[in-house]
Amino acid sequence: AVDAGYAPVVVDCYADADTRLLAVDIAKVASLQLADVQSSLDALRARHGLTHVVYGSGFELCTDTLEYLRQDWVVLGNSVAVFRRLQHKSEFFDRLAALSIAHPETVFAPPMADGVWLVKPLRGEGGIGIRRYRADCEAGFDSCYWQRFLPGQSLSALFVAGEGCVEVLGFNRQT
């Protein structure tokens, strides 16, 4: 945002040093739940006359916050309906397969013991709650899915896309 000439005002759960360095103003919040962000959003709006918002990751469990934002702000990002649709993991992985987009083998029932599997929450964010699967000590299968572990470097790209255009904003590497 700074490189594009914007002066970012940020609501964030971490308020990392790099974010504090680049943001004009920042509010650190306990979570992205509406009860935790509403007063910060209102204060930042009053101080800076904000009308638009761009949201990032972390709203998988907080779609009520996205609904609130859409009531009074111009939200630059997917609609709540699109966001919720992406949370339906079986549809998401079926769509990847239909589009021939490579992804690790994914199942929605406990796998056989062969191979190495990860257990992932159905509504997860940023790697929270991901663990290695152990058939001898697992319970609570109603809120997770399994993905075959693939060795290698964990990488991601942050991008903005719309109407046939994609702009890569950055790359991340997990260490």
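Visitor: How far apart are the mean positions of the positive and negative charges of the protein?
Guide: In this predicted model, the mean positions of the 16 positive and 21 negative charges lie 3 Å apart.

Visitor: And what is the secondary structure of the protein?
Guide: The protein has 5 helices and 10 strands. Along the principal axes, its C-alpha atoms fill a box of roughly 55 × 35 × 30 Å.

Visitor: What share of the residues is buried?
Guide: Of the 175 residues in the protein, 26% are buried. The accessible surface comes to about 12000 Å², and carbon and sulfur atoms contribute 55% of that surface.

Visitor: Let us turn to the strands. In what order do the 4 strands of the open sheet stand?
Guide: The order is β5-β8-β6-β7, with antiparallel pairing. The edge strands are β5 (106-107) and β7 (131-132), each of which pairs on one side only.

Visitor: How many bridges join β5 to β8?
Guide: There are 2 bridges between β5 and strand β8 (residues 144-148), and the two strands run antiparallel. T106 stands opposite Q147 in β8.

Visitor: What holds such strands together in general?
Guide: Strands of a sheet pair through backbone hydrogen bonds, in either a parallel or an antiparallel manner.

Visitor: A change of topic: where is S40 found, in a helix or in a strand?
Guide: S40 belongs to helix α2, which spans residues 34-48.

Visitor: Why does S40 count as buried?
Guide: S40 counts as buried because its relative accessibility is 17%, and buried means under 20%.

Visitor: Which residues is S40 in contact with, leaving aside neighbours within four places in sequence?
Guide: With those neighbours set aside, S40 is in contact with A27 and V29.

Visitor: Now the aromatic residues. How many aromatic pairs are there?
Guide: The count comes to 6 aromatic pairs. One of them joins Y55 and F59: the ring centres are 5.6 Å apart and the planes stand at 75°, so the pair is edge-to-face.

Visitor: Are Y55 and F59 buried or exposed?
Guide: Y55 and F59 are both buried. Y133 and W146 also form an edge-to-face pair, at 6.3 Å centre to centre and with 85° between the planes.

Visitor: Where in the chain do Y133 and W146 lie?
Guide: Y133 lies in the loop between β7 and β8, whereas W146 is in strand β8. The two residues are 13 residues apart, and the pair links distant parts of the chain. Both Y133 and W146 are buried.

Visitor: Which residues do ring pairs link into a cluster?
Guide: The cluster consists of F92, F93, F108 and Y145, linked by ring pairs.

Technical notes: Residues numbered from 1 in each chain as written. Predicted model: local features only at pLDDT ≥ 70, side-chain atom pairs only at ≥ 80, totals over all residues. Heavy atoms only, no water. Buried < 20%, exposed > 50% of the residue type's maximum accessible area, 1.4 Å probe, protein only. Areas by Shrake-Rupley, 256 points an atom, 1.4 Å probe, with all protein chains shown as cover. Lys, Arg positive; Asp, Glu negative; His and termini not counted. Charge placed at Lys NZ, Arg CZ, Asp CG, Glu CD. Pairing = 2+ DSSP bridges. Contact = heavy atoms within 4.5 Å. Phe/Tyr/Trp six-rings, centres within 6.5 Å; stacked < 30°, edge-to-face > 60°.
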